[in-house]
Amino acid sequence: MLFRSYRVWWRELGSGGWTHVTTGLDADGTSYAISGASPSTTYEVTVLAHNLQGDSENNPVISFSTPGAISNPSSPIADFDGDGSVEFSDFLLFAEGFGRSAGDEGWDARFDLDGNNDVCFSDFLIFAQQFGG
């Protein structure tokens with residue numbers, strides 16, 4: 001039996017709904033990059049094969065974790081507005097996200113500078129070190 005495509009579902013560990021990957025999964029593929037994953041987060045994924053006779057059984061659900069946030073030394077990670085420097089405009093953006101955690105409404109992983117899924121004082125300290133640069 002020749003497989004025509006794969007079907008993949010993924011979600012953050014313990015969250016309710018699954019996200020169905022709908023593109024880039026032809027039968028010749030051996031990998032797929034999930035876009036929008038957050039640093040230092042555990043995810044679950046399951047895969048099934050599809051051919052003219054239908055779908056296979058789901059494979060077992062497996063989990064994986066993304067690495068922590070990686071900084072690019074040529075560009076400050078606290079440059080939220082992308083203008084090449086960390087200034088007051090970046091502080092205003094950071095302040096909007098301060099106090100939020102992964103899963104909260106308005107959560108933006110860009111402000112979680114230490115990768116712990118909370119925008120807190122430790123992120124502010126990282127921001128302050130880059131301010132003015």
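Modeller: Happy to! Let's start at Phe94, which counts as buried because its relative accessibility is 1%; buried means under 20% relative accessible area, exposed over 50%, and partly exposed in between, with a 1.4 Å probe and protein chains only. Bear in mind that this is a predicted model, where local features need pLDDT of at least 70 and side-chain atom pairs count only at pLDDT 80 or more, while totals for chains, interfaces and linings use all residues. Residues are numbered from 1 along each chain as its sequence is written, and side-chain values use heavy atoms, with hydrogens and water left out.

Now for the rings. Rings of Phe, Tyr and Trp (its six-membered ring) pair if their centres lie within 6.5 Å, and planes under 30 degrees apart count as stacked, over 60 as edge-to-face and the rest as tilted. That rule gives 13 aromatic pairs. Phe94 and Phe124 form a tilted pair, because their planes stand at 35°, with the ring centres 6.5 Å apart. Phe94 sits in helix H1 (residues 88-97) and Phe124 in helix H2 (residues 121-130), so the pair links distant parts of the chain, 30 residues apart; helices (H or I, at least four residues) and strands (E, at least two) are DSSP runs numbered from the N terminus. Phe124 itself is partly exposed, at a relative accessible area of 30%.

A polar atom of the Asn117 side chain lies 3.4 Å from the backbone oxygen of Ser40. Beyond its neighbours within four places in sequence, Asn117 is in contact (heavy atoms within 4.5 Å) with residues including Pro39, Ser40, Thr41 and Trp107.

Next comes strand S3 (residues 42-51), which is mostly covered, with 7 of its 10 residues buried. Strands pair if DSSP finds at least two bridges between them. S3 runs antiparallel to S1 (residues 5-12), joined by 8 bridges, and Ala49 in S3 is the bridge partner of Tyr6. S3 is also antiparallel to S5 (residues 62-65), with 4 bridges, where Tyr43 partners Phe64. Finally, 2 bridges join S3 to the antiparallel strand S4 (residues 54-55), with Asp55 as the partner of His50, and a hairpin connects S3 to S4 through 2 residues.

Definitions and conventions
A polar contact is a pair of N or O atoms within 3.5 Å; within protein, one must be able to donate a hydrogen and the other to accept it, and residues adjacent in sequence count only if both atoms are side-chain atoms.
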